[in-house]
Amino acid sequence: MKSWTYLKGLARIAYTNMRFLKALSGDVTTLIALSIVLGTFFAAFITTVLLYTEVVSESLYAGISLANRLQPPSLKHPLGTDHLGRDLLVRIIFGARIAILVILTSVTIAVVLGTTIGLLAGYIGGYVDLIVSRIVDALMSFPAVLLALAIVTVLGPGLESVIIAIGIAEAPIFARLSRGLVAVEKENLYVEAAKAIGASHIRILVKHILPNIAGPLLVQATFTSSSAILWEAALSFLGLGVQPPTPSWGLMMAEARAYMRVAPHAIVFPGLAIFLLVFSINTLGEKLRDLLDPRYRALMSKS
Amino acid sequence: MIMLFVVFILVKALPGDPITVMYGEFDPPPEVRKALEERLGLDRPLLVQYMLYVMRILQGDWGKSVGTGEEVLRLVLRRFQATLELAVASVAIATFIGLSLALISAWRPNSLADKIIRIASVASYSIPVFWWGLMLILIFAVYLQLLPPGERGGLKHLILPAVTLGVVSFGMIARVSRASMLEVMTHDYVVAARARGLNEVKVLLSYVMRNAIVPIVTIIGLRFGVLMSGAVITETVFKYPGIGSMIYDSILARDYPVVFGGILFVGIVVMTVNLLVDILYYFVDPRVKLEKTRV
């Protein structure tokens, strides 16, 4: 009997996931977007594995060959070379590592920090909620990038500072979002039921409420990922982020800027890489929001 | 009162030990540190320090630039004029493109034009600002040699940076406006107006647009904050002497009073704009009661 319900649950999950995937693969734009995002993740994964197993060494993307500098795209170098004769395609592929690393780390910081604060404020309510909400409001009305700039200024340039800065600067959004969601959610009967059977507050928050508000948080995390990439690129472009010779798309553009007139390709392609990835993540985010939005779902099932 | 509180929180949010900052890389000897702490009032309780800082800011004493010795507040205000020009121009561009596209989009939802516009909107806020700026420089200044690649002076110098920021910002405006207009269009009075045979332009402009305006105004106001952040980068790319390039140059020069003065000032401006947007509601939409507008 027990295994039967378990199987039924599994089948249900598989079914909803299939509907989800079917809806995702519905149109061409989403499909392209999905493959770009997966491709970037794959590139980041493969390059990291190759580097760690020492199949390739850093010289592949950092090796200087001045004889080949600033070459336009050709068969040997499909996207051309940069001012130190390094192949741009190779550097863009290895640059995916930084992009993915920044997404995974900074978004995790933002989600964990923001959601924890928001959950507690929304759940406890009262004065705690009032004070936390005011602080979050104040932080929200302050442009996130300026906050990030202030943090990078204090911590000094570098990848770690950028990750921390983006993580902290994006946290208030999650705090406000989760606070609002919890405030509504905690009024539900199931929370009262959990309380009645003597579940601890932490258990109620983590096991009962969190899964129910995960959808909107996930959608927000998607949008935060795309802005995290944009800000990493911008900060690296300004010389405040990733330091050479590590290839980051933003840094590659900063290096290519001085040679813009003679070798425009060195600046066009890294920017295109950022644009495509961010555009894809945003497209998926929009789709995800439509799918998770109950109003939209109700509309879909009716038709 | 709210303003004061916000400034207070902001100051709190800006970390950093001023003495370490003053000495840069080195650690000052303990006796020097102690003397400095006393002179700057750093040995007082935190709350007192913050109150004093807030008082100083309110009195217009924002400190002096380490590099040039100029008063930070004066420097910030001078640079701000340039940024304001840029911001107004790009908000105008973004609003114009965004609203026009949203109208076309909402007029016939799910048509080909609507689909293209929706993709274009997402593309708009996916563009890296600095890259887009450099591309425009490359096309219009280097190849076509139509416009100057940067710096300030007359309308011609404003076009490229304003278009850069405008194009990056129109997408969000278009998206929110479209959603808001579509929502309004389901109302009976729009259906009734159409049934009475009013022409489409009039229906869209005076029935739909007027009632869809509140979310649109909100998003334009909110975009202003994002725009100011984008301005930091755009100004750097175009060597435009606004507050953004000032902050950037000061970070490189480790001129911290100017950095934080600039950041604080932009923060205050953005918050003021947000507040103005809230007040504006009352005028554009008489349905909004004042007690409902929570900050």
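**Figure 1. A salt bridge between chains, with R175(B) on one side and E286(A) on the other.** In this predicted model, R175(B) is partly exposed, with a relative accessible area of 24%. How far apart are the closest N and O atoms of E286(A) and R175(B)? They are 2.5 Å apart. E286(A) belongs to helix α11 of chain A and R175(B) to helix α8 (residues 154–185) of chain B, so this pair joins two chains. Side chains of opposite charge can pair when their charged atoms come close. Over all chains, the count of salt bridges comes to four, and the next two views show others.

**Figure 2. R179(A) and D129(A) form a salt bridge.** Here the closest N and O atoms are 2.6 Å apart. R179(A) sits in helix α7 of chain A and D129(A) in helix α5 of chain A, so the pair ties together parts that are 50 residues apart in sequence. With a relative accessibility of 40%, V128(A) is partly exposed.

**Figure 3. A salt-bridge network in chain B includes D114(B) and R118(B).** The closest N and O atoms of the salt bridge between D114(B) and R118(B) are 3.6 Å apart. These two residues are four residues apart in helix α6 (residues 112–124) of chain B, so about one helical turn separates them. D114(B) counts as buried, at 0% relative accessibility, whereas R118(B) is partly exposed at 35%. Which residues do shared partners join into one network? They are D114(B), R118(B) and R178(B).

**Figure 4. Two aromatic pairs are counted over all chains.** One is formed by F237(A) and F130(B), a stacked pair with 4.4 Å from centre to centre and 25° between the planes. Why does this pair join two chains? F237(A) lies in helix α9 (residues 201–237) of chain A, but F130(B) lies in helix α7 (residues 129–143) of chain B, so the pair reaches from one chain to the other. F237(A) is buried, at 6% relative accessible area, and F130(B) is buried too, at 1%. F275(A) and F279(A) form another stacked pair, with centres 5.8 Å apart and planes at 25°. Both of these residues belong to helix α11 (residues 265–292) of chain A, where they are four residues apart, about one turn of the helix. F275(A) counts as buried at 18% relative accessibility, as does F279(A) at 15%.

**Figure 5. Helix α11(A) is largely enclosed by the rest of the structure.** How many of its 28 residues are buried? The count is 20, so the helix is largely enclosed. From its first C-alpha to its last, α11(A) reaches 40 Å, close to the 40 Å expected at 1.5 Å a residue. For a look at a residue in another helix, find S226(A), which is placed in helix α9 of chain A. S226(A) is buried, with a relative accessible area of 4%. Apart from its neighbours within four places in sequence, S226(A) contacts V278(A), I281(A) and N282(A).

**Figure 6. A nonpolar patch lies on the surface of chain A.** Its members are I109(A), L113(A), I117(A), V154(A), L155(A), I164(A) and I168(A), and together they have about 510 Å² of accessible area. Helices α4 (88–124), α6 (144–155) and α7 (159–185) of chain A each give two or more residues to the patch. Which element gives the most? The answer is α4(A), with three residues. L113(A) is found in helix α4 of chain A and is partly exposed, with a relative accessible area of 39%.

**Figure 7. Chain B has 13 helices and zero strands.** Of the 295 residues in chain B, 48% are buried. Among contacts in chain B with a separation of 6 or more, 69% come from residues 24 or more positions apart. The accessible surface of chain B is about 15,200 Å², and carbon and sulfur atoms account for 67% of that surface.

Definitions and conventions
Residues numbered from 1 in each chain as written. Chains lettered and ligands numbered in written order. Predicted model: local features only at pLDDT ≥ 70, side-chain atom pairs only at ≥ 80, totals over all residues. Heavy atoms only, no water. Phe/Tyr/Trp six-rings, centres within 6.5 Å; stacked < 30°, edge-to-face > 60°. Buried < 20%, exposed > 50% of the residue type's maximum accessible area, 1.4 Å probe, protein only. Patch = residues over 30% accessible without salt bridge, like charges linked within 9 Å, V, L, I, M, F, W, Y side chains within 5 Å. Areas by Shrake-Rupley, 256 points an atom, 1.4 Å probe, with all protein chains shown as cover. Salt bridge = Lys/Arg side-chain N within 4 Å of Asp/Glu carboxyl O. Expected span 1.5 Å × (residues − 1). Contact = heavy atoms within 4.5 Å.
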